Amino acid sequence: MSFSLTRLQSITSHMVSTTVKKITQKPIISFVGGGNMAEAILAGLQSSGHPSSLLRYSEPFDQRLEYMQTKYPELVSSKDNCEIIQGSDIVVLAVKPQVLRSVVMNDLSGLLKQNPNLLIVSIAAGITTQDIYKWLNTSHPASIVRCMPNTPALVGEGAVGLFATDHVNEEQREMTESIMNSIAKQVSWVSDEALIDSVTGISGSGPAYFFLIMEAMQNAGMEAGLSLEDAKALTIQTCLGAARMAQTSDDDLATLRRKVTSPKGTTEAAINSMESNHIRKVMTDAVFAAQNRGQELAEQLGKEL
């Protein structure tokens with residue numbers, strides 16, 4: 001009886017130990033490409049507690065590689081893609097669309113054969129998961145996630161759209177979210193890959209819309225007599241404050257606008273001016289122009305590559 005109990009305790013202890021290890025084990029994440037977005041994600045993962053020894057990147061350009069190695073000496077780095085991705089659980093493709101095909105065909109296809117559970121995350125603009133799968137040259141399913149980040153991700157304030165192929169499991173979705181949460185405050189999954197172009201029209205290109213609006217407000221403030229410094233500072237803080245209110249309020253955007261628009265007041269006069277100049281159509285046309293261009297670029301890149 002004593003032997004049986006001891007044996008049972010040993011088995012139970014092993015099962016618990018194995019389960020804890022499985023839950024707590026962090027993945028090896030390798031980046032092909034060490035550009036600005038890759039750097040932002042790597043830095044975000046490092047600061048969020050992901051072990052530096054499990055974060056890797058490749059970078060072909062000497063000057064950029066030296067910069068990265070100096071700034072992030074704890075991370076594993078190489079000029080060789082194949083060397084850096086060996087043994088990886090997740091490979092993040094952070095290269096220009098023009099070179100992605102060669103990376104996938106020459107470096108990634110072999111790794112997928114060694115590790116069928118490999119998760120491939122692409123942040124290359126305009127390249128579809130179908131293109132990536134075709135370049136892998138495999139008859140087996142592949143776990144591929146396509147991402148559309150935006151430039152505020154570089155300062156940890158990004159918004160990211162994600163699409164996953166059918167073979168991506170729930171754990172891989174969670175791992176992808178964890179990676180993107182290191183640079184983004186909003187991560188949204190879309191069920192149809194075509195909707196990535198819609199994400200492009202809203203959040204991908206969206207920062208430039210606000211920069212343009214802020215630029216126009218700043219210039220109007222200067223025309224009204226304010227200094228450049230005051231016009232810029234007031235514009236930026238107003239934008240930040242309005243966004244913060246929108247994030248924290250239970251009211252929808254239309255209600256927030258109505259609450260600050262007093263009848264026959266200054267804000268109403270401004271809003272009426274914008275409405276008469278078709279501000280809504282201007283924004284709708286801009287979003288769809290970006291969306292349509294995204295579709296065109298994806299088709300063009302697919303044919304060229």
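I began with Ser-30, which is buried at a relative accessible area of 0%. Buried means under 20% relative accessible area, exposed means over 50%, and partly exposed lies in between (1.4 Å probe, protein chains only). This is a predicted model, in which local features need pLDDT of at least 70 and side-chain atom pairs count only at pLDDT 80 or more, while totals for chains, interfaces and linings use all residues. Residues are numbered from 1 along each chain as its sequence is written, and side-chain values use heavy atoms, with hydrogens and water left out.

**Entry 1: around Ser-30**

I looked up where Ser-30 sits. Ser-30 belongs to strand β1 (residues 29–32). Helices (H or I, at least four residues) and strands (E, at least two) are DSSP runs, numbered from the N terminus. I then asked which residues touch Ser-30, leaving aside neighbours within four places in sequence. The list is Arg-56, Ile-84, Ile-85, Ser-88, Ile-90, Val-91 and Val-92. Contact here means heavy atoms within 4.5 Å. I also checked Ile-84 by distance. Ser-30 and Ile-84 lie 54 residues apart in sequence, yet 6.6 Å apart in space, C-alpha to C-alpha.

**Entry 2: the whole chain**

I stepped back to the protein chain. It has 13 helices and eight strands. Its C-alpha atoms fill a box of roughly 85 × 55 × 40 Å, taken along the principal axes. Of its 305 residues, 39% count as buried. I looked at contacts with a separation of 6 or more; residues 24 or more positions apart account for 63% of them.

I turned to helix pairs. Axes are lines fitted to C-alpha atoms, for helices over the stretch in contact, and angles run from 0 to 180 degrees between N-to-C directions. Angles under 35 degrees count as roughly parallel, over 145 as roughly antiparallel, 65 to 115 as roughly perpendicular, and the rest as oblique.

Helix α2 (residues 36–47) packs with helix α3 (residues 62–71) at about 15°, and their axes are 12 Å apart. The two are therefore roughly parallel. Their crossing is right-handed. A crossing is right-handed if the near helix is turned clockwise from the far one by less than a right angle, and left-handed if anticlockwise. From α2, the contact takes Asn-36, Glu-39 and Leu-42; from α3 it takes Arg-64, Tyr-67, Met-68 and Lys-71. By class I found three nonpolar, one polar and three charged residues. Ala, Val, Leu, Ile, Met, Phe, Trp, Tyr, Cys and Pro count as nonpolar, Asp, Glu, Lys and Arg as charged, and the others, Gly among them, as polar.

I came back to Glu-39, Arg-64 and Lys-71. A network of salt bridges links them. A salt bridge is a side-chain nitrogen of Lys or Arg within 4 Å of a carboxyl oxygen of Asp or Glu.

**Entry 3: α9 and its partners**

I took α8 with α9 next. Helix α8 (residues 195–204) and helix α9 (residues 206–223) pack at about 30°, with axes 5 Å apart. They are therefore roughly parallel. Thr-200, Gly-201, Ile-202, Ser-203 and Gly-204 of α8 meet Gly-206, Pro-207 and Tyr-209 of α9. This contact has three nonpolar, five polar and no charged residues.

I followed α9 on to helix α10 (residues 228–248). Here the angle is about 140° and the axes are 8 Å apart. That makes α9 oblique to α10. The crossing of α9 and α10 is right-handed. α9 brings Met-214, Met-217, Gln-218, Gly-221 and Met-222, and α10 brings Leu-228, Ala-231, Lys-232, Thr-235, Ile-236 and Cys-239. The classes here are seven nonpolar, three polar and one charged.

**Entry 4: salt bridges**

How many salt bridges does a search of the whole structure find? It finds ten.

- Lys-134 bridges to Asp-131, with the closest N and O atoms 3.9 Å apart. The two are three residues apart in helix α6 (residues 129–136), about one helical turn. Asp-131 is buried, at 9% relative accessible area.
- Arg-280 bridges to Glu-275, with the closest N and O atoms 2.9 Å apart. Glu-275 is partly exposed, at 31%.
- Lys-281 bridges to Asp-285, with the closest N and O atoms 2.6 Å apart. Both lie in helix α13 (residues 279–304), four residues apart, about one turn. Lys-281 is exposed at 52% relative accessible area, while Asp-285 is partly exposed at 40%.
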